[in-house]
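The following exercises ask you to read secondary structure, accessibility and side-chain contacts from a set of coordinates. Work through each task before turning to its solution.

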Amino acid sequence: MVPSLPTLTVLIPLLSLSGLFYSASVDESFPQGCTSASSLCFYSLLLPLTIPVYVFFHLWTWMGIKLFRHN
């Protein structure tokens, strides 16, 4: 049984975000204080969050185009 596309569109970013919060609270080697945009740890946190957000909005746009064409 495969979940539907709208379910995956919501579920994947939520799981990614919860995994990030879990690793930030449990892992001792997780970078702390990554507030400067010039630091490397800022980008090491930004890239894993950017990918699921891009996928979410790409699928959201694709579903919107599909709905617009079929109505």
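The model is predicted, and local features need pLDDT of at least 70, side-chain atom pairs count only at pLDDT 80 or more, while totals for chains, interfaces and linings use all residues. Residues are numbered from 1 along each chain as its sequence is written, and side-chain values use heavy atoms, with hydrogens and water left out.

**Exercise 1.** Classify Ile12, Thr50 and Tyr54 as buried, partly exposed or exposed.

Solution. Buried means under 20% relative accessible area, exposed over 50%, and partly exposed in between (1.4 Å probe, protein chains only). Ile12 has a relative accessibility of 41%, so Ile12 counts as partly exposed. Thr50, with a relative accessible area of 38%, is also partly exposed. Tyr54 reaches 56% and therefore counts as exposed. For the chain as a whole, 7% of the 71 residues count as buried.

**Exercise 2.** Find which residues lie 9.9 Å and 9.2 Å apart, C-alpha to C-alpha, although they are 37 and 41 residues apart in sequence.

Solution. Thr50 and Pro13 are separated by 37 residues in sequence and by 9.9 Å in space, C-alpha to C-alpha. For Ile12 and Val53, the corresponding values are 41 residues and 9.2 Å.

**Exercise 3.** Describe the aromatic pair formed by Phe56 and Phe57 and the cluster that includes Trp60.

Solution. Rings of Phe, Tyr and Trp (its six-membered ring) pair if their centres lie within 6.5 Å; planes under 30 degrees apart count as stacked, over 60 as edge-to-face and the rest as tilted. The structure holds two aromatic pairs. One of them joins Phe56 and Phe57, with 5.0 Å centre to centre and 80 degrees between the planes, and is edge-to-face. Phe56, Phe57 and Trp60 together form one aromatic cluster.
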